[in-house]
Amino acid sequence: MRGINLGRLLLALALLGGLLVFLYSQTRPLVTDPDAVLLLNRGFWFAGLLCAFVGLALAWSPEPEHNFDQGMAESAELRQQRQYLQAVLDGSPAGIVLVADDGRVLLHNVRMQALFALSEDELHAGTLTHLLRQYQFVELWKKAAHTGATQTTIAEVPQSKRMLRGVVQPLGDELRGHSLIAFEDVTELHRLETVRKDFVSNVSHELRTPLTSLRLLTESLRGGAMAEPATATRFLTLMETEVDALTSLVSELLELARTESKDVQLQLAPTDPCAMLQAAAGRLRMQAERAGVLLAVECPAGLPAALADPPRIEQVLVNLIHNAIKFTPRGGRITATASSRTGVIEFAVQDTGVGIAVEDQARIFERFYKTDPARNRTGTGLGLAISRHVVEAHGGHIGVTSQEGKGSRFFFTLSASGASEQ
Ligand code: ADP
């Protein structure tokens, strides 16, 4: 489509005006003869018209890219495309940056702000070193720019406490020297990987101790202890203890795997809280007597029923009472209680034992966690982790209050039967 190019039109008009003025100024004062004046005036007009014609012909351009209206339409289209591009970038779960060879940031998306915990100023500072607060990523960009090859690394950003995987991709011929950098948040993956490694190392450690003892005991028996019946009997008893420890570790691991798997089905039924307390305490009464501690159950009459899977809740109570016996010196007292408040039944096991330091209280429900003085005692460190899973699967909460040297109180809650329908 044809159209008038404003720039050329103005140029032509300027040329015409300039020429007219020039001719006029040159001819007017010199010529006095009226015929000559007429002739000059005609020439003057002819030249003016020629000039205007050439100007207009130039201005009436056939090239669409030089068309003024079309130029406006194109810049609106470009603006819209830029908006689309920004929307795609901002909708991406990854942080994205386009960098020039001198480190200027040409494009970035909003995700960068959360991943690097950036202020508005830092986000728009315009240079890569301001945007990436982690020197390892800046080095990665330099290496990619230098080698022309894609580079990848994982590093933690201390300010945001996020673990990020950065990939720097140098761009091809069209944008030579430029790089595209993408950041993926791998914090959760990294945490799971750490949990898995810890789990494997904890299980190996727990298995190694009894297995080493068994190995030493069998070697001693072979080395001559078998000939002394009293020693042999003692060694066999020790071997039984180690085998028991292995058996309980394996069954606790299986129990943990079962409670941690989401598809565990609870058989919930309205259950008498006092009956569950009595059943659990009954199983450990002899053990408490042997340890020289008093085990009492205090359960008020008329408590509402708790919504529970009874064998599982009994196992939680057994874990808590068993720990109380282990960590309470002779002459101590253990009290197992149940009480109710609106819609909730609370169970508690209180002891007068060694207590737990404040910094350990938050961690003892983790798998394999044992407090330092307890390190050499028997136990896998799995009991409370299993208990927490069971209680949480019931929709309850488990916790502890404790004072070192004075004792501990472990408690957990369950819904009272019918509470949800009220
Ligand atoms: P385990 O008893 O098999 O070691 P648990 O998960 O049951 O494993 O307990 C984790 C840790 O919590 C114990 O090793 C001990 O350090 C601490 N703990 C648990 N119960 C008590 C308690 N009643 N008094 C003092 N410390 C306790």
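Predicted model: local features only at pLDDT ≥ 70, side-chain atom pairs only at ≥ 80, totals over all residues.
1. Residues are numbered from 1 along each chain as its sequence is written, and side-chain values use heavy atoms, with hydrogens and water left out.

2. Strands (E, at least two residues) and helices (H or I, at least four) are DSSP runs numbered from the N terminus, and two strands pair if DSSP finds at least two bridges between them. Angles run from 0 to 180 degrees between N-to-C directions, and axes are lines fitted to C-alpha atoms, for helices over the stretch in contact.

3. Within this sheet, strand S3 (residues 95-99) pairs with strand S7 (residues 179-185) in the antiparallel sense over 5 bridges. Leucine 98 has leucine 180 in S7 as its bridge partner. In general, strands of a sheet pair through backbone hydrogen bonds, either parallel or antiparallel.

4. Another open sheet has 5 strands in the order S9-S11-S12-S14-S13, and its pairing is mixed. Its edge strands, strand S9 (294-298) and strand S13 (398-403), each pair on one side only. Here the twist averages 15° from one strand to the next. Strand S11 (residues 333-341) and S12 pair in the antiparallel sense over 8 bridges; the bridge partner of alanine 338 in S12 is phenylalanine 347. H10 packs on the sheet, touching S9, S11 and S12, and its direction makes about 175° with that of S9.

5. The structure holds 6 aromatic pairs. One of them, phenylalanine 347 with phenylalanine 412, is stacked, at 4.9 Å centre to centre and 10° between the planes. Phenylalanine 347 is in strand S12 (residues 344-351) and phenylalanine 412 in strand S14 (residues 407-415), so the pair ties together parts 65 residues apart in sequence. Rings of Phe, Tyr and Trp (its six-membered ring) pair if their centres lie within 6.5 Å; planes under 30 degrees apart count as stacked, over 60 as edge-to-face and the rest as tilted.

6. Helix H10 (residues 273-291) packs against helix H11 (residues 310-326) at an angle of about 25°, with axes 9 Å apart. That makes H10 roughly parallel to H11 (angles under 35 degrees count as roughly parallel, over 145 as roughly antiparallel, 65 to 115 as roughly perpendicular and the rest as oblique). The residues of this contact divide into 14 nonpolar, 3 polar and 2 charged. Ala, Val, Leu, Ile, Met, Phe, Trp, Tyr, Cys and Pro count as nonpolar, Asp, Glu, Lys and Arg as charged, and the others, Gly among them, as polar.

7. The axes of helix H9 (residues 229-260) and helix H13 (residues 383-393) come within 9 Å and cross at roughly 25°. H9 and H13 are therefore roughly parallel to each other. Glu252, Glu255, Leu256, Thr259 and Glu260 in H9 meet Gly383, Ala385, Ile386, His389 and Val390 in H13, where contact means heavy atoms within 4.5 Å. These residues divide into 4 nonpolar, 3 polar and 3 charged.
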